[in-house]
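User: I should like to learn how to read the features of a protein model. May we go through one together, step by step?

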Amino acid sequence: VQEDFDVLEFYRMCWTLCYRKNIHHQRLIISDNDAFKVWCIFNFLSEDKYPLVIVFEEVEYFLRKLMEAMGMGWCEERFTDYRTKQSTKSWLNVWELIELVGVTYFSKDIDRQILSMCINEVFSELILNILKQGYMMKKGHKRKNWTERWFVLRPTSLSYYVCEDLTEKKGDIVLDQSCCVESLLDKDGKKCLFIIKCIDKSFEISASDKKKKQEWIQAIQMCIQLLRLGLLSPHRDALLRRRELRQKQQLEQEDLAERMKNLQAANEAKQRQLEDMRMKMEEATAKAALEELRRKKKQSDLQDRYRLDLEREKMVRQEMEEQMAQKSSELEQYLQRVRELEDMYHRLEDALEDERQAKQDEEAMRKLQARLLEEEAAKRAELEQIYLKQQRELSQTEAEKEELIAEQLAKERELQAASQQLDRLEKERQGALEQYQEVSKKLERAANKTKTWKDKVAKHEGLVRLIQPGHKGPQRITNWGLASFTDIELEQRKKTWQEKKNQGAQAQ
């Protein structure tokens with residue numbers, strides 16, 4: 001690897017070779033360029049072994065950076081839920097990380113441009129080692145004028161450009177252990193001033209506000225302090241510290257697992273000893289139980305003999321009680337039969353009375369139905385007469401309606417014919433007017449030609465004389481052209497047009 005080797009170009013070439021077959025563009029809410037930046041961040045944060053994977057601690061670090069860039073708070077529960085769903089493994093590959101950022105973790109409601117800007121900011125910080133960037137005013141060394149520049153702070157230098165696209169670089173302020181940064185009082189109409197003192201030069205810079213000024217001073221002081229400690233890349237050093245801490249925790253967990261294993265073995269040995277003691281106790285208990293069984297057997301034999309005597313006495317007593325109960329049940333059955341016969345007699349009397357009442361009700365209902373049928377027949381006849389009367393009135397109304405419609409149609413046809421005739425007369429009038437205008441133009445041209453000819457003759461013969469004004473009354477041209485007509489024809493046309501107009505008004 002040579003000194004001018006461009007790592008980003010190498011990353012870009014590797015990305016071009018592998019991303020097309022592994023990324024689903026329809027699902028991602030980020031662009032290919034943002035996915036490439038996430039890919040580069042994955043290469044930076046991944047473990048130093050193949051295949052490359054990123055542990056969940058580094059995923060959390062990356063997501064926290066994104067949320068801080070967005071100005072949003074970190075949601076521990078949301079990340080814990082996602083990690084719980086991925087309980088089968090403790091790491092992600094690069095495509096799963098891109099899908100997490102572009103599909104899963106950030107919802108579709110978030111602005112894509114904001115997400116792209118935040119990814120670019122984290123990429124600049126972690127990959128390009130840009131600790132801070134922004135516009136500030138810088139004082140020149142020769143002309144002492146103030147110029148706005150885009151400043152980019154890296155661990156070893158503060159570069160300034162014409163604008164934020166970083167295409168035209170104007171210079172570098174090289175930071176080393178001997179540099180220092182100090183705040184200045186406002187002067188020359190400039191506020192929020194501070195100065196960077198190096199070995200050979202000093203640079204006066206003006207921030208936009210006091211907050212920005214303090215942030216820049218703290219960031220530059222942190223870079224100088226890291227240089228004094230010999231730390232050139234703070235993010236890589238932090239990554240190595242996190243990795244060492246994870247390795248230390250892993251060793252502690254392995255040590256703890258080994259100790260737990262030893263404790264388990266000791267516990268199993270104690271369990272075996274306790275099992276042997278339990279078996280001895282069971283043998284002693286079995287012997288004691290056997291003795292107890294023998295004693296209980298003797299006692300039970302005596303109890304069985306006494307119980308048999310008691311059972312014989314109980315059986316004799318039960319036989320006597322059963323005979324008494326049988327006699328009592330026979331007497332109860334006889335009395336129950338007598339009560340049932342009395343109830344049956346009363347029910348039969350009630351049934352006969354209900355039957356007589358039902359026959360009387362049936363007769364009354366029959367008479368009522370006959371009267372209702374007669375009334376219904378009378379109503380039906382009356383309704384039929386009303387229906388016939390309505391039918392006659394409806395037929396008469398329909399005939400009148402048809403006559404009115406026919407009259408209306410005739411009037412509409414007459415009105416349409418009058419409108420057509422009026423349109424035709426209007427077209428004839430327009431044609432006559434156009435011919436009249438054309439003839440007027442021809443006469444005017446002929447008069448102009450005649451006047452010109454007379455002027456030439458008079459000039460040639462010396463007979464120029466004054467021209468007297470003619471009659472100022474309206475001039476009407478008749479018998480000129482194909483569309484001309486006489487006064488009599490004009491009067492006849494006016495009369496015909498007036499009659500048609502009156503007929504149209506009457507029809508309306």
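Predicted model: local features only at pLDDT ≥ 70, side-chain atom pairs only at ≥ 80, totals over all residues.

User: What span should helix 6 have, at 1.5 Å a residue?

Analyst: Helix 6 has 15 residues and should therefore span 21 Å; its end C-alpha atoms are 21 Å apart, in agreement with that value.

User: How many helices and strands are there in the protein?

Analyst: The protein has nine helices and nine strands. It comprises 508 residues, of which 22% count as buried.

User: How should I read a nonpolar core, and which residues of the largest one touch the most other members?

Analyst: The general idea is that nonpolar side chains tend to be buried together in soluble globular proteins. Here the largest nonpolar core has 39 residues, and those touching the most other members are Trp15, Leu45, Val59, Phe62, Leu66, Leu97 and Ile98. At least two residues of this core come from each of helix 2 (32-45), helix 3 (56-70), helix 4 (76-85), helix 5 (94-104) and helix 6 (112-126). Helix 2 contributes the most, with nine residues. Apart from this core lies another, of 23 residues, including Ile173, Cys198, Ala219 and Ile224.

User: Which residues is tryptophan 15 in contact with, leaving aside its neighbours within four places in sequence?

Analyst: Tryptophan 15 is in contact with Ile23, Asp32, Ala35, Phe36, Trp39, Trp95 and Ile98.

User: Is serine 206 buried or exposed?

Analyst: The cut-off for a buried residue is under 20% relative accessible area. Serine 206 has 5% relative accessibility and therefore counts as buried. This serine 206 is found in strand 9 (residues 202-206), and its side chain reaches the backbone oxygen of lysine 191 at 2.8 Å. Not counting residues up to four places away in sequence, serine 206 touches Met136, Met137, Trp146, Lys190, Lys191, Cys192 and Leu193.

User: How many disulfides does a search of the whole structure find?

Analyst: The search finds zero disulfides. Cysteine 179 is in none, and the nearest cysteine sulfur, that of cysteine 198, is 3.5 Å away; the cut-off for a disulfide is within 2.5 Å. At 1% relative accessibility, cysteine 179 counts as buried.

Technical notes: Residues numbered from 1 in each chain as written. Heavy atoms only, no water. Helix = DSSP H or I, 4+ residues; strand = E, 2+ residues; numbered from the N terminus. Buried < 20%, exposed > 50% of the residue type's maximum accessible area, 1.4 Å probe, protein only. Core = buried A, V, L, I, M, F, W, Y, C linked by side-chain atoms within 4.5 Å. Contact = heavy atoms within 4.5 Å. Expected span 1.5 Å × (residues − 1). Polar contact = N/O pair within 3.5 Å; in protein donor to acceptor, adjacent residues only side chain to side chain.
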